[in-house]
Amino acid sequence: MAQHHILANDGLAGSAREALEKAGHTVYTRKIEPENLADFINDKNIDVLIVRSATKVRKDLLDKVKPLKMIIRAGVGLDNIDVDYAKQKGILVRNTPAASSHSVAELVMAHLLCGVRFLHDANREMPLRGDTAFKELKKKYSKGREVKGKTLGIIGFGRIGREVAKMAIGLEMKVLAHDPYIKEADLTLHFFDGQTATFHIQTVSKEEVLRNADFITLHVPAQDKPVIGEEEINMMKDGAAIINAARGGVVDEVALYKALEKGKLSFAALDVFADEPTPPVQLLMYPKLSLSPHIGASTVEAQERIGEEIVGIVQNMDN
Ligand code: NAD
């Protein structure tokens, strides 16, 4: 079996590194700055480059690197890689699409449960005023809502959208999903005692989701224009909420901010931003937003599953 020289420039689960080294490959996991990346790849004869979303693999880099045979994106989105150009140069591009779906879905549910009970705001206020204004804050956060019986709208019913649907069903929510390419799906929930339950979901129009959902979450790839802007928000129920853990810009951030200001939406949650890594401070400071810094896939379990998939990809590379 061929021995490969591998650079994991944005990190790699320890278990995956060990498995690759045990199989005889040479693995570098140090972070090489963009200006030194081409030289490093050429000097160390790197034929497999593993990246997450931080390292950009653009045309100029691809033109300089000679030994590179494969780029592996440890995760889903390929927007940081010039995929077509790499393929033209005979460099294979792979990703690990399924490994992180569950982690992203759990983050979405965390943001949803945070939002309906104002935890995102309470967590900002309690350290500042919890000891002097306890009763005032208790009153402020006492009109939370349950999610049970409410409708979760899911736009984009691929791997993550369906995981989110399963969790929502587990919380006894109703699910309305829209996806132009998926008409129906069977979702099987696996319980701790071995029981399973399968739910058949037929997708509906985007408008039906917008008009009837109490909360909307997006699970679409990066888009040229927002999937939700002012017009779509105006169709939504008063007091609804939006969660974006897909890609920055699939929700128009300005329209979202205005809808929160007007009280049209009760809260929103953002894990991704149009301007990463420098989102506008107006969003970061805004009390009706539950925020996280693009950590949807970043759990120990997801990174281990991603690592296992990467080991499989490298082992099968020469077949
Ligand atoms: P997927 O390809 O399985 O599903 C995406 C679905 O969106 C597809 O079924 C597609 O038909 C649908 N779609 C495309 N355009 C649409 C539109 N305009 N309206 C409605 N549906 C549309 O992808 P996935 O694994 O579910 O991932 C979804 C997205 O989540 C990824 O593209 C990625 O950007 C994002 N993501 C974010 C994180 C994070 O850290 N927050 C982690 C992983 C993935």
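Let's start on the surface, where Val281, Leu284 and Met285 make up a nonpolar patch with about 300 Å² of accessible area together. Patches here are built from residues with over 30% relative accessible area and no salt bridge, joining like charges within 9 Å and nonpolar side chains (Val, Leu, Ile, Met, Phe, Trp, Tyr) within 5 Å. Accessible areas come from the Shrake-Rupley method with a 1.4 Å probe, and for residues only the protein chains shown count as cover. Val281 sits in helix α12, residues 281-284; helices (H or I, at least four residues) and strands (E, at least two) are DSSP runs, numbered from the N terminus.

Before I go on: this is a predicted model, where local features need pLDDT of at least 70, side-chain atom pairs count only at pLDDT 80 or more, and totals for chains, interfaces and linings use all residues. Residues are numbered from 1 along each chain as its sequence is written, and side-chain values use heavy atoms, with hydrogens and water left out.

Glu106, Glu301, Glu304 and Glu308 form a negative one, with Asp and Glu counting as negative, Lys and Arg as positive, and His and the chain ends not counted. A charge is placed at NZ of Lys, CZ of Arg, CG of Asp or CD of Glu. Helix α13, residues 300-315, gives the largest share of that patch, three residues. Glu301 is in α13, and Glu301 is partly exposed at 48% relative accessible area. For those labels, buried is under 20%, exposed is over 50%, and partly exposed is in between (1.4 Å probe, protein chains only).

Now, salt bridges. How many turn up in the whole structure? The search finds 16, each one a side-chain nitrogen of Lys or Arg within 4 Å of a carboxyl oxygen of Asp or Glu.

Take Asp47 and Lys69, whose closest N and O atoms are 3.9 Å apart. Asp47 is in the loop between α2 and β3 and Lys69 in the loop between α3 and β4, so this pair ties together parts 22 residues apart in sequence. Asp47 is buried at 6%, while Lys69 is partly exposed at 47%.

Next, Lys264 and Asp238 meet at 2.8 Å, N to O. Lys264 lies in the loop between α11 and β12, and Asp238 in the loop between α10 and β11, so here the parts tied together are 26 residues apart in sequence. Buried or exposed? Lys264 is buried, at 14%, but Asp238 is exposed, at 67%.

There's also a salt-bridge network linking Asp121, Glu125, Arg129, Glu136 and Lys140. Two of those names come back in helix α6, residues 119-129, where His120, Asp121, Ala122 and Glu125 are buried. The cover over the buried residues of α6 includes α5, α7, β12 and β13, with contact meaning heavy atoms within 4.5 Å.

Last, the backbone. Which peptide bond is cis? The one from Glu276 to Pro277, with omega near 10°; Pro277 is in the loop between β12 and α12.

Then two residues other than glycine with positive phi. Phe118 has phi near 60°, sits in the loop between α5 and α6, and is partly exposed at 27%. His294 has phi near 50°; look for His294 in the loop between β13 and α13, partly exposed at 29%.
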